[in-house]
Amino acid sequence: MWLEADAPERLAALLADRGYRVIAPRVRDGALVVAEVDGAAALPTGWYDETGPGRYRLARRPDSDPRAAERFGFTIAAQAWKPFLHPPEVRLLRAERASGGSLRFTPEPPPERPLAFLGVRPCDLAAIRVQDRALTASGAEDDVYAGRRQGALLIVVECGRANATCFCASMGTGPGARDGFDLALTELLDADRHGFLARAGSDRGRALLEELGARPASDLDLGERQRLLDATARSMTRQVDGEATRAALAAGAELPMWGSVAERCLTCGNCTLVCPTCFCTTVRDTTDVAGGEAERWRSWDSCFGLEFSAIHGGTVRSSAAARYRQWLTHKLGSWHQQFGESGCVGCGRCIVWCPVGIDITAEAATAVRQAARSAETAAGRGGRG
Amino acid sequence: MIKDVSALLAAHPVFAGMASDRLDFVAGCGWNVQFLAGEAIFRFGEHADRFFMLRSGTVSIEIRPPTGPTHRIETLGAGEVLGWSWLYPPYTWQFDARAMTDVRATAFDGTCLRDKCEQDPSLGYELMKRFARVVTARLQATRLQLLDVYGTPG
Amino acid sequence: MLPRPYRVLARRVDTRDTVTLELAPVRDRQAHRLAAPHGRSRPGQFNMLYAFGVGEIPISVSGDAADRGRLVHTIRSVGAVSEALCRLRPGDELGVRGPFGTAWPVAEAEGQDVVIVAGGIGLAPLRPALYHLLAQRERYGHVSLLYGARRPEEMLYVDELKRWRSRLDLDVLVTVDKATENWRGAVGFVTTLVRRAEMAAGSAVAMVCGPELMMRYAAAELLGRGMAAERVHVSLERNMKCGLGLCGHCQLGPSFVCRDGPVFSFASVRDLLQTPEV
C-alpha cells in the first residue's frame, strides 16, 4: 500500500490518541536518539548520520538538497529501542519488615500504557526478536521485559542507505524487513513524489492502514523498493561470515587475537551499552534507614566489568583479553548454542561507539583466519609422525 | 613364603606387571613385620635401608620440630608403600614414621635390592620408574594440601 | 520472580564460620501470583536466599529433599549477605526463591556403585544426595563417602558422620589437610582417598563437590581409576544473581550455571575448566 509523506506524524498522533506511549526518532544533544513523542512528533527530517570506527557525525542536509525532505534519511539512532523494553534501571520489588519481623514482598505493577515504536530499523527489529528469545523463552520469563513487550506496536522503516559501519545484509537482518512487525514502511522520495510504501504484518497493522486511508501501491513503486533495498545492501562495506565465525570461536579460547585486542580494549563496556541485544543485568538491594522497607533494583550490567564474573575467591575473568573474548565469543558464538541464532544483528553500533574503534567485523575475520591457521598447524604436526 | 609375598607384590599397583622372576627376587628380600600402636617405624636421620608394603593399620608421617608438638603431615594405610629414601642417596630417612594403630607390613631389604640394581641396571631402571610414580603421586597430593583450597581467601 | 517469606525454625552452628538453618514457609500470608512456588527440591539444587535489605545469594539445599515441611540450608559466612543469613535466629524471616538448577544424577546411578567425594563445605550440597541414596539403599551398589576437610574442627555434620560411619552399608572415609594433636584419622588431601574407594570403575557413578581445584583433581583421580568422564559429576559455582538464566552473570562458555548446572558431568565441562579465565 501507499501512504503520503505525512504518514509518520499521522501515525504518531493516532497512536497517542489510542493511549500508546509513542517512541520515535529525534535529534537531541547532537545525536539521533529515540524518545517519547511529546505532542507532535518532531521527526529528524533532513538529518543524516555518518559513522566510522569510533566516529559519529550528525548533520542536516541544506534545503537545496533534494534529499532534505527525507524523514528517515539517517541509518540508526545512537541507542536502540532496548531501554524501553529492557529498562536500564527498574525496581523489581518492594519488601517490608513488620515490627515482629514478618516479611512481605510486593511486585511492581506492569506499565500502564502499551508502547508504540515508530521507525524501527530492520536490524533493530531483529534485535528485539533476539531479545524476545533470550528473555522470554519458556521456563524463564523476564516479567519486566514481557510486560513491556506484550502489546508493543512495531512500525518498521526500511533503510534507503547504509553507513560504513552497517553490516545487516551479511547477518540476514536487513536492509529490508520480512516479518515480525505490525507495519513496515519504505520511504520513497524523488522529483515526482514523496511517500511510504506500507506493508502490514498483523491485524493491527492492517487496521492502521485502513484508518490512514492507504491506497494500493503501484508495481513501479514495489520495484523501486526492491531496487532501493538492493542498492543499500550492495553499498555495505563490512560483513561477517556468521557460520565460519561461530565455528572459529567454538574452539577459539587460545587464539593469539585475544592478547592483541586487549592492548586496545579499554573494557569501558560502551559496546554492551549500545548493543541492542546485550541483556545482562545486575541487582542491588537497598533498605531505608529505619530498616523497615527494602527495595530490589535491577540495572544493566556489562561482562566487561571486573565484578561481573566475581565469585568467592576472586574474579574469574580478570584480564581484558578474557573479558573481550567472553563478549565476542558469546555474541557471535555461544549465543547460537543458547538461543539457536546469532546474537549480532549487524547494526554496527559497537564499532561506532567504541572509543578506540575496535571493529567487530574485523575481529570476527581475525578469529576465522587464526582458527584456520591453528587447525593447519595442528594437522601439520599430526601428519609429520 | 616367597610365593605369598610375590602374590602380594603382583597385586600392588607399584609392582603390577613386573616379570615373575623379578617379583620373586624382590619377594625374596622381604619379610613380615608388625608394629604396635605408637611404635616408631623409622626416624629422621636414620639409615634408610628398607621399605614397607603396608598390609593393615595406619602409619603417620611426621616431623618433630625442636619445640612444640609433632606435625603429622600425612597418613598411609593398607596397600600403600612406605619409604623411598632407600633408593636415593644419602639413603637416610627424611621424616619420622610411626604406627598410629597396630600395623602389619612386609619389609623389604633395601640394601640388598640396591646392590642387585647396580649389577642389573635394567632391574634398577624398572624399580626407579615404579617408585618414581609413588613419589610423584605423593608430591601432587602434598601440593594440593599446601594450597589450602578450603580456606577463606585474603 | 518474587521471593516467598520463610521462617527460621532452628539454627545450628556447624563450625566457626558455618551455620545450618532449618526453614519453613510462612503459610499464613497471602501468596502472590508471581511468588516462587514452594517446589520440592531435588538433591543438588539451590535456592536464592534473601536477607532483608542486605541482598540475595545462591545457597544449595543441604537437607533432605523429600521433606516438604522443612527446608535446610548450610551457609558459610564469607560476605555481607551470608553473614546476615548466618546471624538469623529462630523466628526470624528471610526470602526464598527457587529451587533452581540441575540435580545430582541419583536416578541414573541406580544399580551402580556410587562414590561421593566432598571437600570442605562441598559436603553440604551432597548431603541431600546421600540422604536419597540411603533412603533407597537397595537400589544402589556399593556406596562410599570420601570427605576431606581443612582441619578437624572445620568438618561439617560431625554427629551424622559418626552415625554414617557405623552403618555397614556405607563406607565413610575422612581425611584432613592439617591434623591437630587429637586427630586420630587420616591426614592428606581428599584425592588420596579415591584410591581406597571400593567400586566397579567401569560403571560406577561419582558425585563430586568442593572448591573447583579440588573437584578438578578429584575428577582426575577418579578417571585415573577407570571411571568414565560422563559418569563423574561436579557441582560448579559462578556469580549467580537471578537463578533463571536471565542476568547473564553465571555463564561458563555456552552454559548458564544456574540453569544448565550447577551439576554437570565432568565430560561436558572438562575443557572449560582447563581453560584459564573462561
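## A loop residue, an interface and a fold

A:D29 lies in the loop between β2 (21-28) and β3 (31-36) of chain A; helices (H or I, at least four residues) and strands (E, at least two) are DSSP runs, numbered from the N terminus. This is a predicted model, in which local features need pLDDT of at least 70 and side-chain atom pairs count only at pLDDT 80 or more, while totals for chains, interfaces and linings use all residues. Residues are numbered from 1 along each chain as its sequence is written, chains are lettered from A and ligands numbered from 1 in the order in which they are written, and side-chain values use heavy atoms, with hydrogens and water left out.

**Backbone points to look at**
- A:D29 has a positive phi of about 55° although it is not a glycine, and this residue is exposed, with a relative accessible area of 76% (exposed means over 50%, buried under 20%, partly exposed in between; 1.4 Å probe, protein chains only).
- B:Y91, also not a glycine, has a positive phi of about 55°; B:Y91 sits in the loop between β6 and β7 of chain B and is partly exposed, at 22% relative accessible area.
- In the loop between β6 (81-82) and β7 (96-99) of chain B you will also find B:P90, joined to B:P89 by a cis peptide bond with omega about 5°.
- In chain A, the peptide bond from A:G174 to A:P175 is cis, with omega near 0°.

**Where chain A meets chain C**
- The contact (heavy atoms within 4.5 Å) takes 51 residues from chain A and 37 residues from chain C.
- About 3600 Å² is buried between the two chains, 57% of it from carbon and sulfur atoms; buried area is the accessible area (1.4 Å probe) that two parts lose on being put together, summed over both.
- A:L103, A:F105 and A:R296 supply 17% of the area that chain A buries against chain C, more than any other three residues.
- A:R296 also forms a salt bridge with C:E56, the closest N and O atoms being 3.1 Å apart (a side-chain nitrogen of Lys or Arg within 4 Å of a carboxyl oxygen of Asp or Glu).

**Chain B as a whole**
- Chain B has four helices and eight strands, in the order α-α-β-β-β-β-β-β-β-β-α-α from the N terminus on.
- Along its principal axes the C-alpha trace of chain B spans about 55 × 35 × 30 Å.
- Buried residues make up 42% of the 154 residues in chain B.
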